[in-house]
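Biologist: Could you take me on a close look at one part of this model, the ligand and its surroundings, and then at one residue in a loop? I would like a single connected account that I can follow on screen.

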Amino acid sequence: MEFVSTRNDGLKVSASRAIVEGLSREGGLFTPTAFPHIEVKDLLDKSYQEMAFEVLSALFSEFDKEELRNSINKAYGLFDCDEVVPLSDIGDKHLLELYHGPTSAFKDVALTLLPYLLNMSYKNIACDKKIYILTATSGDTGKAALEGFKDVENTYITVFYPEDGVSQIQRKQMISTTGKNTHVVAIKGNFDDCQKLVKQAYGLDGFRDDYPKVQLSSANSINIGRLAPQIVYYFSSYVNLVNKGKINIGEEVSFVVPTGNFGDILAGYMAKKMGLPVKDLICASNDNDVLTEFINTGVYNRNREFHLTTSPSMDILVSSNLERLLYLVSEDSDLVAKYMNDLNEKGFYQVDGELLSRIQNDFKAYSIKSDEVNELIREAFEKDGRLIDPHTAVAYGAAKKYGLKVPTVILSTASPYKFSSNVYKCFKDEMLSDEYEAMAKLNELSGMRIPKNLSCLKEMEVRHKNVIEIKDGLKTIEDKLKELSHD
Ligand SMILES: *Cc1c(COP(=O)(O)O)cnc(C)c1O
(Lines give C-alpha, C1' and ligand atoms only; values in the text may rest on other atoms or scores of the structure.)
Protein backbone atom coordinates (compact mmCIF):
# COMPACT_ATOMS: atom_id res chain seq x y z
CA MET A 1 0.00 0.00 0.00
CA GLU A 2 1.19 3.47 -0.82
CA PHE A 3 0.42 6.61 1.13
CA VAL A 4 0.23 10.14 -0.27
CA SER A 5 0.25 13.55 1.34
CA THR A 6 -3.19 15.19 1.36
CA ARG A 7 -1.54 18.45 0.22
CA ASN A 8 0.72 16.98 -2.46
CA ASP A 9 -0.29 13.63 -3.87
CA GLY A 10 2.77 13.56 -6.10
CA LEU A 11 4.54 12.59 -2.89
CA LYS A 12 4.12 8.86 -2.35
CA VAL A 13 5.68 7.02 0.58
CA SER A 14 5.61 3.54 2.10
CA ALA A 15 3.57 2.77 5.21
CA SER A 16 6.77 2.62 7.26
CA ARG A 17 7.88 6.08 6.19
CA ALA A 18 4.39 7.51 6.74
CA ILE A 19 4.34 6.12 10.29
CA VAL A 20 7.86 7.27 11.18
CA GLU A 21 7.39 10.79 9.81
CA GLY A 22 3.84 11.24 11.12
CA LEU A 23 3.19 14.39 9.11
CA SER A 24 4.29 15.29 5.62
CA ARG A 25 6.77 18.13 5.16
CA GLU A 26 4.32 20.60 3.67
CA GLY A 27 1.87 19.91 6.48
CA GLY A 28 -0.26 17.29 4.71
CA LEU A 29 -1.42 14.03 6.28
CA PHE A 30 -0.40 10.67 4.85
CA THR A 31 -3.42 8.84 3.48
CA PRO A 32 -3.87 5.52 1.66
CA THR A 33 -4.74 5.92 -2.03
CA ALA A 34 -6.54 2.58 -2.28
CA PHE A 35 -8.15 0.36 0.31
CA PRO A 36 -7.84 -3.42 0.48
CA HIS A 37 -11.12 -5.34 0.64
CA ILE A 38 -11.98 -7.26 3.81
CA GLU A 39 -14.65 -9.99 3.67
CA VAL A 40 -16.82 -9.88 6.78
CA LYS A 41 -17.67 -13.58 6.45
CA ASP A 42 -13.98 -14.46 6.84
CA LEU A 43 -13.93 -12.74 10.23
CA LEU A 44 -16.88 -14.47 11.90
CA ASP A 45 -14.96 -16.98 13.98
CA LYS A 46 -11.95 -14.78 14.70
CA SER A 47 -10.82 -13.18 17.96
CA TYR A 48 -10.34 -9.41 18.10
CA GLN A 49 -6.59 -9.92 17.80
CA GLU A 50 -7.03 -12.05 14.68
CA MET A 51 -9.34 -9.48 13.11
CA ALA A 52 -6.77 -6.79 13.87
CA PHE A 53 -4.18 -8.90 12.10
CA GLU A 54 -6.39 -9.32 9.02
CA VAL A 55 -7.12 -5.61 8.72
CA LEU A 56 -3.65 -4.31 9.54
CA SER A 57 -1.69 -6.81 7.46
CA ALA A 58 -3.85 -5.88 4.48
CA LEU A 59 -3.27 -2.17 5.00
CA PHE A 60 0.39 -2.38 6.02
CA SER A 61 1.38 -5.23 3.73
CA GLU A 62 5.11 -4.57 4.02
CA PHE A 63 5.25 -5.49 7.71
CA ASP A 64 6.61 -8.85 8.75
CA LYS A 65 3.53 -10.98 9.42
CA GLU A 66 4.81 -12.83 12.48
CA GLU A 67 6.08 -9.67 14.08
CA LEU A 68 2.79 -7.91 13.45
CA ARG A 69 0.87 -10.79 14.96
CA ASN A 70 3.05 -10.80 18.08
CA SER A 71 2.77 -7.02 18.45
CA ILE A 72 -1.01 -7.16 18.29
CA ASN A 73 -1.11 -9.91 20.92
CA LYS A 74 1.16 -7.97 23.26
CA ALA A 75 -0.71 -4.68 22.83
CA TYR A 76 -4.17 -6.10 23.42
CA GLY A 77 -2.97 -8.32 26.24
CA LEU A 78 -2.85 -5.07 28.25
CA PHE A 79 -6.64 -4.73 28.14
CA ASP A 80 -8.59 -5.91 31.18
CA CYS A 81 -11.21 -7.64 29.07
CA ASP A 82 -10.70 -10.76 26.92
CA GLU A 83 -12.89 -9.45 24.13
CA VAL A 84 -10.79 -6.23 24.09
CA VAL A 85 -13.72 -4.10 22.88
CA PRO A 86 -17.02 -5.79 23.87
CA LEU A 87 -20.37 -4.83 22.38
CA SER A 88 -23.33 -4.52 24.73
CA ASP A 89 -26.87 -3.11 24.55
CA ILE A 90 -28.08 0.36 25.42
CA GLY A 91 -31.85 0.61 25.01
CA ASP A 92 -32.68 -0.32 21.41
CA LYS A 93 -29.10 0.42 20.29
CA HIS A 94 -25.65 -1.03 20.92
CA LEU A 95 -22.72 0.28 22.92
CA LEU A 96 -19.20 -0.42 21.71
CA GLU A 97 -17.10 -0.35 24.89
CA LEU A 98 -13.76 1.04 23.85
CA TYR A 99 -12.56 1.92 27.35
CA HIS A 100 -11.10 -1.30 28.77
CA GLY A 101 -7.47 -0.41 28.02
CA PRO A 102 -4.70 0.61 30.42
CA THR A 103 -5.82 4.27 30.69
CA SER A 104 -9.61 3.71 30.39
CA ALA A 105 -9.96 5.68 27.14
CA PHE A 106 -10.57 4.50 23.59
CA LYS A 107 -7.21 5.92 22.53
CA ASP A 108 -5.57 2.91 24.15
CA VAL A 109 -6.79 0.78 21.24
CA ALA A 110 -4.37 2.59 18.95
CA LEU A 111 -1.71 3.77 21.36
CA THR A 112 -0.92 0.38 22.88
CA LEU A 113 -0.06 -0.80 19.36
CA LEU A 114 1.57 2.33 17.87
CA PRO A 115 4.96 1.88 19.59
CA TYR A 116 5.24 -1.56 17.95
CA LEU A 117 4.16 -0.24 14.55
CA LEU A 118 6.70 2.55 14.87
CA ASN A 119 9.43 0.13 15.85
CA MET A 120 8.74 -2.14 12.86
CA SER A 121 8.60 0.86 10.52
CA TYR A 122 11.84 2.17 11.91
CA LYS A 123 13.61 -1.10 11.12
CA ASN A 124 12.00 -1.29 7.66
CA ILE A 125 13.45 2.03 6.59
CA ALA A 126 16.75 1.41 8.36
CA CYS A 127 16.45 4.60 10.35
CA ASP A 128 19.20 5.03 12.94
CA LYS A 129 18.05 8.25 14.57
CA LYS A 130 16.46 8.76 17.94
CA ILE A 131 12.72 9.16 17.76
CA TYR A 132 11.15 12.17 19.41
CA ILE A 133 7.37 11.90 19.73
CA LEU A 134 5.56 15.21 20.08
CA THR A 135 1.97 14.98 21.20
CA ALA A 136 -0.79 17.49 21.78
CA THR A 137 -3.62 16.29 23.96
CA SER A 138 -7.09 17.42 24.91
CA GLY A 139 -6.95 14.93 27.76
CA ASP A 140 -6.91 11.28 26.77
CA THR A 141 -4.25 10.94 24.07
CA GLY A 142 -1.60 12.23 26.46
CA LYS A 143 -1.84 9.50 29.03
CA ALA A 144 -2.43 6.74 26.51
CA ALA A 145 0.64 7.85 24.52
CA LEU A 146 2.80 8.21 27.64
CA GLU A 147 1.89 4.69 28.77
CA GLY A 148 2.47 3.31 25.28
CA PHE A 149 5.88 4.89 24.81
CA LYS A 150 7.31 4.96 28.30
CA ASP A 151 10.70 3.24 28.47
CA VAL A 152 10.59 2.30 24.77
CA GLU A 153 14.20 2.23 23.59
CA ASN A 154 15.60 5.07 21.47
CA THR A 155 12.40 7.03 21.91
CA TYR A 156 11.56 10.17 23.83
CA ILE A 157 8.10 11.67 24.28
CA THR A 158 6.79 15.15 25.17
CA VAL A 159 3.09 15.72 25.78
CA PHE A 160 1.53 19.21 25.75
CA TYR A 161 -1.86 19.67 27.40
CA PRO A 162 -4.02 22.78 27.98
CA GLU A 163 -3.56 23.77 31.62
CA ASP A 164 -7.25 24.38 32.28
CA GLY A 165 -8.68 22.13 29.57
CA VAL A 166 -8.44 18.65 31.05
CA SER A 167 -10.21 16.92 33.93
CA GLN A 168 -8.54 16.51 37.33
CA ILE A 169 -8.22 12.77 36.74
CA GLN A 170 -6.77 13.24 33.26
CA ARG A 171 -4.17 15.66 34.66
CA LYS A 172 -3.20 13.35 37.49
CA GLN A 173 -2.95 10.44 35.07
CA MET A 174 -0.45 12.38 32.98
CA ILE A 175 1.65 14.10 35.62
CA SER A 176 2.13 10.89 37.59
CA THR A 177 3.61 9.03 34.61
CA THR A 178 6.82 7.16 35.33
CA GLY A 179 9.49 6.25 32.77
CA LYS A 180 12.87 7.77 31.99
CA ASN A 181 11.84 9.11 28.58
CA THR A 182 8.59 10.93 29.39
CA HIS A 183 8.04 14.70 29.57
CA VAL A 184 4.69 16.36 30.31
CA VAL A 185 4.08 20.12 29.88
CA ALA A 186 1.00 22.21 30.64
CA ILE A 187 0.37 25.11 28.24
CA LYS A 188 -1.44 28.31 29.19
CA GLY A 189 -3.77 27.96 26.22
CA ASN A 190 -6.28 25.53 24.71
CA PHE A 191 -5.93 22.27 22.75
CA ASP A 192 -5.68 24.05 19.41
CA ASP A 193 -2.66 25.98 20.75
CA CYS A 194 -1.03 22.68 21.71
CA GLN A 195 -1.76 21.09 18.34
CA LYS A 196 -0.51 24.16 16.47
CA LEU A 197 2.74 24.02 18.41
CA VAL A 198 3.32 20.41 17.41
CA LYS A 199 2.56 21.19 13.77
CA GLN A 200 4.93 24.19 13.87
CA ALA A 201 7.75 22.06 15.17
CA TYR A 202 7.43 19.90 12.04
CA GLY A 203 6.70 22.68 9.62
CA LEU A 204 8.74 25.09 7.56
CA ASP A 205 9.63 27.16 10.59
CA GLY A 206 10.36 23.95 12.43
CA PHE A 207 13.28 21.81 13.36
CA ARG A 208 13.19 18.91 10.96
CA ASP A 209 16.51 19.59 9.37
CA ASP A 210 18.29 21.31 12.24
CA TYR A 211 18.74 18.19 14.33
CA PRO A 212 19.82 15.40 11.96
CA LYS A 213 20.25 12.82 14.72
CA VAL A 214 16.63 13.09 15.80
CA GLN A 215 13.51 12.00 13.92
CA LEU A 216 10.37 13.89 14.93
CA SER A 217 7.21 11.81 14.95
CA SER A 218 3.68 12.03 16.24
CA ALA A 219 1.33 9.98 18.38
CA ASN A 220 -1.68 12.10 17.43
CA SER A 221 -4.25 10.88 14.95
CA ILE A 222 -2.42 12.85 12.27
CA ASN A 223 -0.23 9.71 12.25
CA ILE A 224 -1.74 7.02 10.01
CA GLY A 225 -0.33 4.40 12.41
CA ARG A 226 -2.68 5.81 15.03
CA LEU A 227 -5.70 5.71 12.78
CA ALA A 228 -5.40 2.24 11.26
CA PRO A 229 -5.88 0.18 14.46
CA GLN A 230 -9.17 2.03 14.99
CA ILE A 231 -10.60 0.59 11.75
CA VAL A 232 -10.63 -2.85 13.37
CA TYR A 233 -13.35 -2.23 15.95
CA TYR A 234 -15.85 -1.15 13.31
CA PHE A 235 -15.41 -4.61 11.80
CA SER A 236 -15.43 -6.37 15.18
CA SER A 237 -18.66 -4.73 16.32
CA TYR A 238 -20.33 -5.65 13.03
CA VAL A 239 -19.14 -9.25 13.37
CA ASN A 240 -20.45 -9.24 16.93
CA LEU A 241 -23.90 -8.18 15.71
CA VAL A 242 -23.90 -10.95 13.12
CA ASN A 243 -22.74 -13.56 15.63
CA LYS A 244 -25.42 -12.50 18.12
CA GLY A 245 -28.06 -12.90 15.44
CA LYS A 246 -28.99 -9.20 15.48
CA ILE A 247 -28.21 -8.68 11.78
CA ASN A 248 -27.53 -10.72 8.66
CA ILE A 249 -24.25 -10.38 6.78
CA GLY A 250 -24.56 -7.54 4.30
CA GLU A 251 -27.17 -5.62 6.29
CA GLU A 252 -26.30 -1.98 6.85
CA VAL A 253 -25.40 -0.60 10.26
CA SER A 254 -24.92 3.02 11.42
CA PHE A 255 -22.26 4.21 13.85
CA VAL A 256 -22.53 7.23 16.14
CA VAL A 257 -19.14 8.68 17.04
CA PRO A 258 -18.36 11.37 19.62
CA THR A 259 -15.99 13.45 17.56
CA GLY A 260 -13.14 15.87 18.21
CA ASN A 261 -10.21 15.58 15.84
CA PHE A 262 -12.26 13.46 13.39
CA GLY A 263 -9.87 10.50 13.72
CA ASP A 264 -12.21 7.94 15.20
CA ILE A 265 -15.03 8.61 12.74
CA LEU A 266 -12.61 8.68 9.80
CA ALA A 267 -11.50 5.18 10.77
CA GLY A 268 -15.17 4.22 10.34
CA TYR A 269 -15.16 5.77 6.87
CA MET A 270 -12.05 3.74 6.03
CA ALA A 271 -13.81 0.58 7.28
CA LYS A 272 -16.64 1.40 4.86
CA LYS A 273 -14.10 1.82 2.06
CA MET A 274 -12.73 -1.60 2.95
CA GLY A 275 -16.15 -3.13 2.40
CA LEU A 276 -17.99 -2.89 5.72
CA PRO A 277 -21.75 -2.36 5.15
CA VAL A 278 -22.14 1.04 6.81
CA LYS A 279 -25.21 3.21 6.24
CA ASP A 280 -24.42 6.44 8.08
CA LEU A 281 -21.50 7.67 10.13
CA ILE A 282 -23.00 10.08 12.62
CA CYS A 283 -20.68 12.80 13.84
CA ALA A 284 -21.64 13.91 17.34
CA SER A 285 -20.28 17.26 18.58
CA ASN A 286 -20.59 19.14 21.86
CA ASP A 287 -20.95 22.97 22.10
CA ASN A 288 -17.88 23.24 19.88
CA ASP A 289 -20.02 22.35 16.89
CA VAL A 290 -17.69 23.33 14.05
CA LEU A 291 -17.99 19.87 12.46
CA THR A 292 -21.77 19.72 12.72
CA GLU A 293 -21.97 23.03 10.93
CA PHE A 294 -19.51 21.88 8.29
CA ILE A 295 -21.31 18.63 7.52
CA ASN A 296 -24.65 20.41 7.37
CA THR A 297 -23.58 23.52 5.39
CA GLY A 298 -20.16 22.96 3.78
CA VAL A 299 -18.67 25.91 5.66
CA TYR A 300 -15.80 25.21 8.03
CA ASN A 301 -15.33 28.22 10.27
CA ARG A 302 -13.01 28.17 13.26
CA ASN A 303 -13.66 31.86 14.01
CA ARG A 304 -16.07 31.17 16.81
CA GLU A 305 -16.23 31.12 20.55
CA PHE A 306 -14.32 28.26 22.14
CA HIS A 307 -16.27 26.43 24.88
CA LEU A 308 -14.80 24.40 27.71
CA THR A 309 -17.26 21.55 28.23
CA THR A 310 -17.54 18.40 30.33
CA SER A 311 -16.36 16.45 27.26
CA PRO A 312 -12.88 18.03 26.96
CA SER A 313 -11.58 15.56 24.38
CA MET A 314 -14.05 17.07 21.93
CA ASP A 315 -13.22 20.71 22.70
CA ILE A 316 -11.50 21.24 19.38
CA LEU A 317 -12.00 23.85 16.66
CA VAL A 318 -9.38 22.68 14.17
CA SER A 319 -10.24 19.09 13.43
CA SER A 320 -7.14 17.69 11.74
CA ASN A 321 -8.43 14.50 10.18
CA LEU A 322 -11.19 16.20 8.25
CA GLU A 323 -8.38 17.01 5.84
CA ARG A 324 -8.06 13.30 5.06
CA LEU A 325 -11.76 13.05 4.30
CA LEU A 326 -11.57 16.07 1.99
CA TYR A 327 -8.77 14.37 0.10
CA LEU A 328 -10.43 10.96 -0.09
CA VAL A 329 -13.66 12.48 -1.37
CA SER A 330 -12.15 15.02 -3.81
CA GLU A 331 -8.92 13.17 -4.77
CA ASP A 332 -7.52 16.65 -5.39
CA SER A 333 -4.55 17.57 -3.20
CA ASP A 334 -4.25 21.08 -4.69
CA LEU A 335 -7.80 21.78 -3.62
CA VAL A 336 -7.16 20.41 -0.13
CA ALA A 337 -3.98 22.52 0.14
CA LYS A 338 -6.02 25.58 -0.80
CA TYR A 339 -8.73 24.86 1.80
CA MET A 340 -6.09 24.33 4.49
CA ASN A 341 -4.35 27.53 3.50
CA ASP A 342 -7.63 29.42 3.76
CA LEU A 343 -8.26 27.85 7.14
CA ASN A 344 -4.85 28.95 8.33
CA GLU A 345 -5.02 32.48 6.94
CA LYS A 346 -8.69 33.42 7.11
CA GLY A 347 -9.97 30.91 9.61
CA PHE A 348 -12.56 29.38 7.27
CA TYR A 349 -13.22 27.66 3.95
CA GLN A 350 -16.25 26.49 2.06
CA VAL A 351 -16.45 23.35 -0.07
CA ASP A 352 -18.48 23.28 -3.27
CA GLY A 353 -21.94 21.75 -3.47
CA GLU A 354 -20.91 18.55 -5.17
CA LEU A 355 -18.20 17.75 -2.66
CA LEU A 356 -20.61 18.54 0.15
CA SER A 357 -23.30 16.23 -1.16
CA ARG A 358 -20.77 13.40 -1.45
CA ILE A 359 -19.77 13.97 2.17
CA GLN A 360 -23.43 14.05 3.23
CA ASN A 361 -23.94 10.70 1.54
CA ASP A 362 -21.83 9.05 4.20
CA PHE A 363 -22.02 11.45 7.14
CA LYS A 364 -24.76 12.97 9.29
CA ALA A 365 -24.04 15.37 12.14
CA TYR A 366 -25.73 16.57 15.32
CA SER A 367 -24.50 18.70 18.18
CA ILE A 368 -25.56 18.32 21.78
CA LYS A 369 -25.51 21.35 24.06
CA SER A 370 -23.92 21.23 27.50
CA ASP A 371 -27.23 21.58 29.31
CA GLU A 372 -28.57 18.46 27.55
CA VAL A 373 -25.60 16.28 28.44
CA ASN A 374 -26.38 15.86 32.15
CA GLU A 375 -29.96 14.94 31.37
CA LEU A 376 -28.74 12.35 28.85
CA ILE A 377 -26.37 10.76 31.38
CA ARG A 378 -29.30 10.47 33.80
CA GLU A 379 -31.56 9.08 31.12
CA ALA A 380 -29.06 6.43 29.99
CA PHE A 381 -28.76 5.23 33.57
CA GLU A 382 -32.39 5.39 34.62
CA LYS A 383 -33.97 4.19 31.38
CA ASP A 384 -31.31 1.91 29.92
CA GLY A 385 -29.33 0.96 33.01
CA ARG A 386 -26.01 2.19 31.60
CA LEU A 387 -23.58 4.56 33.28
CA ILE A 388 -21.87 6.57 30.51
CA ASP A 389 -19.26 9.32 30.42
CA PRO A 390 -19.99 12.82 29.02
CA HIS A 391 -18.37 12.09 25.62
CA THR A 392 -20.45 8.96 25.18
CA ALA A 393 -23.49 10.97 26.34
CA VAL A 394 -22.97 13.39 23.45
CA ALA A 395 -23.09 10.42 21.09
CA TYR A 396 -26.09 8.96 22.93
CA GLY A 397 -27.91 12.26 22.38
CA ALA A 398 -26.94 12.40 18.70
CA ALA A 399 -28.18 8.81 18.30
CA LYS A 400 -31.56 9.87 19.68
CA LYS A 401 -31.76 12.70 17.17
CA TYR A 402 -30.80 10.34 14.36
CA GLY A 403 -33.54 7.86 15.28
CA LEU A 404 -33.45 4.14 14.59
CA LYS A 405 -33.19 3.76 10.83
CA VAL A 406 -30.98 0.67 10.92
CA PRO A 407 -29.18 -1.18 13.76
CA THR A 408 -27.05 1.46 15.41
CA VAL A 409 -23.78 1.25 17.33
CA ILE A 410 -22.79 4.05 19.72
CA LEU A 411 -19.05 4.29 20.31
CA SER A 412 -18.34 4.63 24.03
CA THR A 413 -14.99 6.33 24.25
CA ALA A 414 -14.17 6.64 27.96
CA SER A 415 -14.93 5.15 31.34
CA PRO A 416 -17.39 7.35 33.26
CA TYR A 417 -14.94 7.18 36.18
CA LYS A 418 -12.51 9.39 34.28
CA PHE A 419 -15.04 12.19 34.75
CA SER A 420 -16.41 11.19 38.14
CA SER A 421 -17.36 14.60 39.59
CA ASN A 422 -19.19 15.68 36.47
CA VAL A 423 -21.02 12.39 36.13
CA TYR A 424 -21.91 12.27 39.83
CA LYS A 425 -23.35 15.77 39.59
CA CYS A 426 -25.93 14.53 37.08
CA PHE A 427 -27.49 12.38 39.79
CA LYS A 428 -27.11 14.33 43.01
CA ASP A 429 -26.82 17.90 41.78
CA GLU A 430 -23.71 18.31 43.92
CA MET A 431 -20.27 19.13 42.48
CA LEU A 432 -17.72 17.25 44.56
CA SER A 433 -14.35 18.94 44.30
CA ASP A 434 -12.59 15.70 45.19
CA GLU A 435 -12.73 13.43 42.14
CA TYR A 436 -11.79 10.38 44.22
CA GLU A 437 -14.70 10.91 46.57
CA ALA A 438 -16.94 11.26 43.51
CA MET A 439 -15.50 8.04 42.13
CA ALA A 440 -16.39 6.14 45.30
CA LYS A 441 -19.89 7.61 45.46
CA LEU A 442 -20.52 6.87 41.82
CA ASN A 443 -19.44 3.31 42.42
CA GLU A 444 -21.90 3.03 45.32
CA LEU A 445 -24.67 4.43 43.19
CA SER A 446 -24.10 2.32 40.08
CA GLY A 447 -22.30 -0.82 41.19
CA MET A 448 -20.08 -0.49 38.09
CA ARG A 449 -16.51 -1.57 38.77
CA ILE A 450 -13.82 1.15 39.01
CA PRO A 451 -10.91 0.36 36.66
CA LYS A 452 -7.73 -0.39 38.58
CA ASN A 453 -5.63 2.27 36.85
CA LEU A 454 -8.06 4.91 38.16
CA SER A 455 -8.66 3.56 41.65
CA CYS A 456 -4.91 3.65 42.43
CA LEU A 457 -4.35 7.11 40.92
CA LYS A 458 -4.84 9.10 44.10
CA GLU A 459 -1.76 7.57 45.74
CA MET A 460 0.51 8.16 42.74
CA GLU A 461 3.35 10.65 43.13
CA VAL A 462 3.37 13.81 40.94
CA ARG A 463 6.43 13.75 38.69
CA HIS A 464 5.80 16.46 36.09
CA LYS A 465 5.22 20.06 37.15
CA ASN A 466 6.04 22.19 34.08
CA VAL A 467 3.61 24.96 33.13
CA ILE A 468 4.59 27.30 30.28
CA GLU A 469 3.24 30.15 28.12
CA ILE A 470 2.26 29.31 24.52
CA LYS A 471 5.13 31.44 23.21
CA ASP A 472 7.70 29.34 25.07
CA GLY A 473 6.50 26.07 23.55
CA LEU A 474 8.90 25.97 20.61
CA LYS A 475 11.84 26.72 22.86
CA THR A 476 10.85 23.85 25.13
CA ILE A 477 10.90 21.53 22.12
CA GLU A 478 14.19 22.90 20.88
CA ASP A 479 15.85 22.44 24.27
CA LYS A 480 14.81 18.80 24.24
CA LEU A 481 16.06 18.38 20.68
CA LYS A 482 19.47 19.77 21.70
CA GLU A 483 19.64 17.44 24.66
CA LEU A 484 18.74 14.42 22.49
CA SER A 485 21.34 15.43 19.88
CA HIS A 486 24.11 15.41 22.43
CA ASP A 487 23.72 12.21 24.35
C1 LIG B 1 -10.23 11.67 21.70
C2 LIG B 1 -11.58 11.42 22.23
C3 LIG B 1 -12.72 11.65 21.44
C4 LIG B 1 -12.63 12.22 20.05
O5 LIG B 1 -11.99 11.36 19.13
P6 LIG B 1 -11.41 11.97 17.78
O7 LIG B 1 -10.69 10.83 17.14
O8 LIG B 1 -10.47 13.07 18.19
O9 LIG B 1 -12.55 12.48 17.00
C10 LIG B 1 -13.96 11.35 21.99
N11 LIG B 1 -14.08 10.87 23.25
C12 LIG B 1 -13.01 10.65 24.03
C13 LIG B 1 -13.23 10.16 25.42
C14 LIG B 1 -11.73 10.91 23.55
O15 LIG B 1 -10.69 10.69 24.34
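Modeller: Happy to! A polar contact here is a pair of N or O atoms within 3.5 Å; within protein, one of the two must be able to donate a hydrogen and the other to accept it. Please keep in mind that this is a predicted model.

Let's begin with the loop. Thr137 is found between strand S6 (130-136) and helix H6 (140-149). Its side chain reaches the backbone nitrogen of Gly139 at 2.9 Å. A polar atom of the Thr137 side chain also lies 3.3 Å from the backbone nitrogen of Thr141. Thr137 has a relative accessible area of 0%, and because buried means under 20%, Thr137 counts as buried.

Now for the ligand. It is surrounded by 14 residues, and the closest are Lys107, Asp140, Gly260, Asn261 and Thr413. By type, this shell divides into four nonpolar, seven polar and three charged residues.

In the side chain of Lys107, an N or O atom is 2.5 Å from an oxygen atom of the ligand. Asn261 takes part through its backbone, where a polar atom is 2.7 Å from a ligand oxygen. With Thr413 the ligand atom is a nitrogen, and a polar side-chain atom of Thr413 lies 2.8 Å from it. Taken alone, the ligand exposes 380 Å², and the protein buries 98% of that. As for the location, the ligand sits in the largest cavity.

Notes: Residues are numbered from 1 along each chain as its sequence is written. This is a predicted model: local features need pLDDT of at least 70, side-chain atom pairs count only at pLDDT 80 or more; totals for chains, interfaces and linings use all residues. Side-chain values use heavy atoms; hydrogens and water are left out. A residue is near a molecule or strand if one of its heavy atoms lies within 4 Å of it. Accessible areas come from the Shrake-Rupley method with a 1.4 Å probe; for residues, only the protein chains shown count as cover. On a 1 Å grid over the protein atoms alone, a cavity is a set of points where a 1.4 Å probe fits but cannot get out, and a pocket is an open set with protein on both sides within 12 Å along at least five of seven lines; lining residues have an atom within 4 Å of a point. A molecule sits in a cavity or pocket if more than half of its atoms lie within 2 Å of its grid points. Ala, Val, Leu, Ile, Met, Phe, Trp, Tyr, Cys and Pro count as nonpolar, Asp, Glu, Lys and Arg as charged, and the others, Gly among them, as polar. Helices (H or I, at least four residues) and strands (E, at least two) are DSSP runs, numbered from the N terminus. Buried means under 20% relative accessible area, exposed over 50%, partly exposed in between (1.4 Å probe, protein chains only).
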